[in-house]
Amino acid sequence: MKKILLFCLIFTLNNYYVLAQNLIQNLPQSAIIVRLQTNEHIINYHREQGHHHLANKEKIKQTKKNREIIKTFTEDWDFCPVYFFYSNYSKEIINKNFEHVFKNNEDYNLSNEEKTKLKKEIIIMYFGQTQGKLKFDALVLNDSKIQQLKKPYPKFIRTYKGLGFLKRNTKKIVRILNQKISWHYDNK
């Protein structure tokens with residue numbers, strides 16, 4: 001009985017490893033999509049309260065942060081194509097509607113070939129709280145249903161937000177992720 005349980009455990013772990021390797025191996029032919037936050041709920045709250053200056057301040061802050069994320073991925077990510085979408089289009093992305101996905105610039109519409117790449121297995125990433133019991137800020141990796149990846153996939157890269165000198169900037173986080181994904185790809 002112990003041998004059967006051990007065999008089942010090894011078989012299950014091996015299957016998870018194979019699935020992770022398949023996702024990583026297929027990524028260069030597919031793409032990643034980065035979800036950019038809009039913070040519409042915060043902006044709308046400030047507007048409803050009559051604090052239009054706070055709403056504008058929040059919008060400018062979020063726009064600046066999103067531009068930094070786009071710039072960093074454009075300059076420092078080289079493993080596979082990377083595209084972007086705003087968080088208010090999450091339901092469309094889950095339903096494989098990629099009309100609001102863009103590359104480097106909101107005005108750049110994806111070609112049919114690029115949209116076809118997205119129909120394959122993709123990884124969706126966002127900066128924010130991890131899912132699960134223990135929550136912390138990170139660049140979180142998700143499947144096409146925006147569910148956090150499970151081991152043995154790389155699941156997140158911590159930002160160490162709020163920890164002063166340990167805090168990582170966007171550039172460092174993207175470089176670490178690029179190294180992790182490349183390592184998984186090279187060690188098939």
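A residue is called buried here when its relative accessible area is under 20%, exposed when over 50%, and partly exposed in between, using a 1.4 Å probe and protein chains only. Ile181 is a clear case to start with: at 0% relative accessible area, Ile181 is buried. The structure is a predicted model, in which local features need pLDDT of at least 70 and side-chain atom pairs count only at pLDDT 80 or more, while totals for chains, interfaces and linings use all residues. Residues are numbered from 1 along each chain as its sequence is written, and side-chain values use heavy atoms, with hydrogens and water left out.

Now for the overall layout. The protein has 6 helices and 7 strands; these are DSSP runs numbered from the N terminus, with helices being H or I of at least four residues and strands E of at least two. Read from the N terminus, the order is α-β-α-α-β-α-β-β-α-β-β-β-α. Of the 188 residues in the protein, 39% are buried. Taking contact to mean heavy atoms within 4.5 Å, and looking at contacts between residues at least 6 apart in sequence, 54% join residues at least 24 apart.

Next comes the nonpolar interior. A nonpolar core is a set of buried Ala, Val, Leu, Ile, Met, Phe, Trp, Tyr and Cys residues joined through side-chain atoms within 4.5 Å. The largest such core holds 26 residues, and Ile32, Phe73, Trp77 and Met125 touch the most other members. At least two residues of this core come from each of strand S1 (32-36), H3, strand S2 (82-86), strand S5 (123-129), S6 and H6. H6 gives the largest share, with 5 residues. There is also a second, separate core of 12 residues, with Ile33, Leu110, Ile124 and Ile146 among them.

Back to Ile181, which sits in helix H6 (residues 170-186).

Two helix pairs involve H3. Helix H2 (residues 40-48) and helix H3 (residues 52-76) have axes that come within 7 Å and cross at roughly 165°. H2 is therefore roughly antiparallel to H3. Axes are lines fitted to C-alpha atoms, for helices over the stretch in contact, with angles from 0 to 180 degrees between N-to-C directions; under 35 degrees counts as roughly parallel, over 145 as roughly antiparallel, 65 to 115 as roughly perpendicular and the rest as oblique. The crossing of H2 past H3 is left-handed, a label used if the near helix is turned anticlockwise from the far one by less than a right angle, with right-handed used if clockwise. On the H2 side, Ile42, Ile43, His46 and Arg47 meet His52, Leu54, Ala55, Asn56, Glu58 and Lys59 of H3. Sorted by class, this contact has 4 nonpolar, 3 polar and 3 charged residues; Ala, Val, Leu, Ile, Met, Phe, Trp, Tyr, Cys and Pro count as nonpolar, Asp, Glu, Lys and Arg as charged, and the others, Gly among them, as polar.

H3 also packs with H6, at an angle of about 40° and with the axes 9 Å apart. That makes H3 oblique to H6. Here the crossing is right-handed. Glu68, Ile69, Thr72, Phe73, Glu75 and Asp76 from H3 meet Thr170, Lys171, Val174, Arg175 and Asn178 from H6. The tally for this contact is 3 nonpolar, 3 polar and 5 charged.

A few individual residues round out the picture. Tyr126 lies in strand S5 and, at 6% relative accessibility, counts as buried. Ser144 belongs to the loop between strand S6 (137-142) and strand S7 (156-158), and is buried at 12% relative accessibility.

The loop between S1 and H2 holds Thr38, buried at 17% relative accessibility. Beyond four places in sequence, Thr38 is in contact with Ile43, Gln62, Tyr86, Ser87 and Asn88. Asn39 is found in the loop between S1 and H2 as well; its phi is positive, about 55°, although Asn39 is not a glycine. Tyr160, in the loop between S7 and H6, likewise has a positive phi, near 55°. At 29% relative accessibility, Tyr160 counts as partly exposed, whereas Asn39 is buried at 14%.
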